[in-house]
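Please examine the structure shown below. The paragraphs that follow are meant to be read alongside it.

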Amino acid sequence: MNLPRIAAALCVISILVPALVPGAAALAGPPPEKVALVNARIITVSGDTLPSGTLLIEHGKITAIGTEVEVPFDAVEVDLSGKVLFPGMVDPHSASGLDARNEPLAVSPFVDVADSLDPSRLFFEESLRGGVTSVHVMFGNDCVIGGVSRLVHPIGRTPDEMTQRPGIALKVSTSPKRGFDRMLQMATLRETFRELEEYLDDLAEKRYEEELEKKGEELTVGPEEARKRGRELIREEDLDDRHRNLVRLTSGKLDAWIYCGDAMDVGPAVEIARKHGFFDRSTFVLGTEAYRAVDELRKAGRPVVLPEELVHRDRDPITGELTEVFVAKVLHDAGIKYALQPNTGSVAERYLNYQAARCVRHGIPRQRALAAITMHPAEMLGVADRIGSLEVGKIANVVVLSGDPLEFDTWVEQVYIRGVLAYERGRDPRLRTLLGDAQTAGAGSAGESQSAPRGKDDGR
């Protein structure tokens, strides 16, 4: 008997089998060294769908996908016959995990969502239960300039444990903040960037004079030239907290996610972004009425996040006739890249795969709809090399579904985050309470098919 091999196998099983339920401590220990998810239909999103194949995970990353993958003898093998593997879905824009959606101040680029992130929020539990493995947490739309966002896993004890990538973007809004009209909103935006330029000019002149003093040289140029030369001498540690993130925004170190609630807000958003140097790193977050600016959005060529409610409704003031426009189809036909948001105020639309199914029902190709909840948001967030599809080399954020992701009666059975079994429907205590043990146990049968690492000494 090979005792070291059996000891290693038991160690791996002890990590994997007690699947973490929503809200439990997450990803604290090392992931299982090797996990093989076998006999499943695999929807990679980035490539072909495999009717039945194997996905191999090693040290939290995908190392092989195919129909003829050799499963290592020391891998934990999970038989998923009749199930579907799908990339962990990406929620591109949410303030639901924060204790406050916005700061009272209209301009607050100096704050960070990490200080407001509450890991115990029910929102994160529900996200995991819905197959979402990445959430872009950022401040809400009721601002002029909000704080810094970050991408998190929906599981963990602390913001640091949850974080996948900090410091992604600042929220900017060209739609009026509560209590503002459009004139005041735009005046505040322009004044903020004008004051930033004055601050940098003063700092640059000061730094240039300090540099000359160190060298023992006299000031021989005028203020304008001194400021120009001093700009190159400014270090990040010279910046105060109020201006640091704005400088990072205008110098290419932070992205901008710009909220445009109405069509008339799109033009000013493009203008502000171009003028201050962050247009090429901007993503537009749209309200339903903003679809009317589809020509401007197409010319801009920037990606957009669609509103939670995908339908814009207008009622004729004279006839009372109600017309509906499916916003995603308008933008799709214009060739604009978009990501879908969950609608947390709806029973069905709170699930990203249901939102994708609505798109297909309205004539959007299946592949484009699936990309809108996986690859497209990952690309907007600058992490497409790590998440968003099932590919060799990417992080093993994998969802096990009971059926096709666009079928109404499909549910999430298991969720793997970085190769660790982070959720299992059959052991979900809230679902047990709501649905009863029989229904949840039947749904979670996939988790019961895990086996020990294979080999000659596996006890058979």
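In this predicted model, helix 4 and helix 7 (residues 266–275) have axes that come within 12 Å and cross at roughly 5 degrees. Angles under 35 degrees count as roughly parallel, and helix 4 and helix 7 are therefore roughly parallel to each other. On the side of helix 4, the contact is made by Met186, Leu189, Arg190 and Phe193, while helix 7 contributes Pro268, Glu271 and Ile272. By class, the residues of this contact of helix 4 with helix 7 comprise five nonpolar, no polar and two charged.

Helix 4, which spans residues 182–215, also packs against helix 6 (residues 241–250), here at an angle of about 95 degrees and with the axes 11 Å apart. The range for a roughly perpendicular arrangement is 65 to 115 degrees, and helix 4 and helix 6 are therefore roughly perpendicular to each other. Helix 4 supplies Thr192, Phe193, Glu195, Leu196, Tyr199 and Leu200 to this contact, and these meet His243, Leu246, Val247, Leu249 and Thr250 in helix 6. The contact of helix 4 with helix 6 consists of seven nonpolar, three polar and one charged residues. Phe193 of helix 4 is listed both in the contact with helix 7 and in the contact with helix 6.

A further partner of helix 4 is helix 5 (residues 223–231), with an angle of about 85 degrees between the two and axes 7 Å apart. Helix 4 and helix 5 are therefore roughly perpendicular to each other. From helix 4, Glu197, Leu200, Asp201, Ala204, Glu205, Arg207 and Tyr208 take part, and from helix 5, Pro223, Ala226, Arg227, Arg229, Gly230 and Arg231. The classes in the contact of helix 4 with helix 5 are five nonpolar, one polar and seven charged residues. Leu200 of helix 4 belongs to this contact and also to the one with helix 6.

The setting of these helices is a chain with 14 helices and 21 strands. Of its 460 residues, buried residues make up 54%. Among contacts between residues at least 6 apart in sequence, 66% join residues at least 24 apart.

The buried residues of helix 2 are Phe123, Phe124, Glu125, Ser127, Leu128 and Arg129. Helix 2 is followed by Gly131, which has a positive phi, near 85 degrees.

Tyr354 and Phe408 form another edge-to-face pair, at 5.9 Å centre to centre and with 70 degrees between the planes. Because Tyr354 lies in helix 10 (residues 352–361) and Phe408 in the loop between strand 18 (398–401) and strand 19 (412–417), the pair ties together parts that are 54 residues apart in sequence. Tyr354 is partly exposed, with 22% relative accessibility, whereas Phe408 is exposed, with a relative accessible area of 67%. A ring is also involved where Arg274 lies over the face of Phe279, at 4.0 Å from the ring centre.

Two single residues complete the tour. Gly261 is located in the loop between strand 12 (255–260) and helix 7, and is buried at 11% relative accessibility. The C-alpha atoms of Gly261 and Thr174 are 8.0 Å apart, although 87 residues separate them along the chain. Beyond its neighbours within four places in sequence, Gly261 is in contact with Ser175, Gly287, Thr288, Glu289 and Ala290.

Ala371 is found in helix 11 (residues 366–371) and counts as buried, at 8% relative accessibility. Not counting residues up to four places away in sequence, Ala371 touches Val45, His376 and Pro377.

Note on methods
Residues are numbered from 1 along each chain as its sequence is written. This is a predicted model: local features need pLDDT of at least 70, side-chain atom pairs count only at pLDDT 80 or more; totals for chains, interfaces and linings use all residues. Side-chain values use heavy atoms; hydrogens and water are left out. Axes are lines fitted to C-alpha atoms, for helices over the stretch in contact, and angles run from 0 to 180 degrees between N-to-C directions. Helices (H or I, at least four residues) and strands (E, at least two) are DSSP runs, numbered from the N terminus. Angles under 35 degrees count as roughly parallel, over 145 as roughly antiparallel, 65 to 115 as roughly perpendicular and the rest as oblique. Contact means heavy atoms within 4.5 Å. Ala, Val, Leu, Ile, Met, Phe, Trp, Tyr, Cys and Pro count as nonpolar, Asp, Glu, Lys and Arg as charged, and the others, Gly among them, as polar. Rings of Phe, Tyr and Trp (its six-membered ring) pair if their centres lie within 6.5 Å; planes under 30 degrees apart count as stacked, over 60 as edge-to-face and the rest as tilted. Buried means under 20% relative accessible area, exposed over 50%, partly exposed in between (1.4 Å probe, protein chains only). A charge sits over a ring if NZ of Lys or CZ of Arg is within 6 Å of the ring centre and within 35 degrees of the ring normal.
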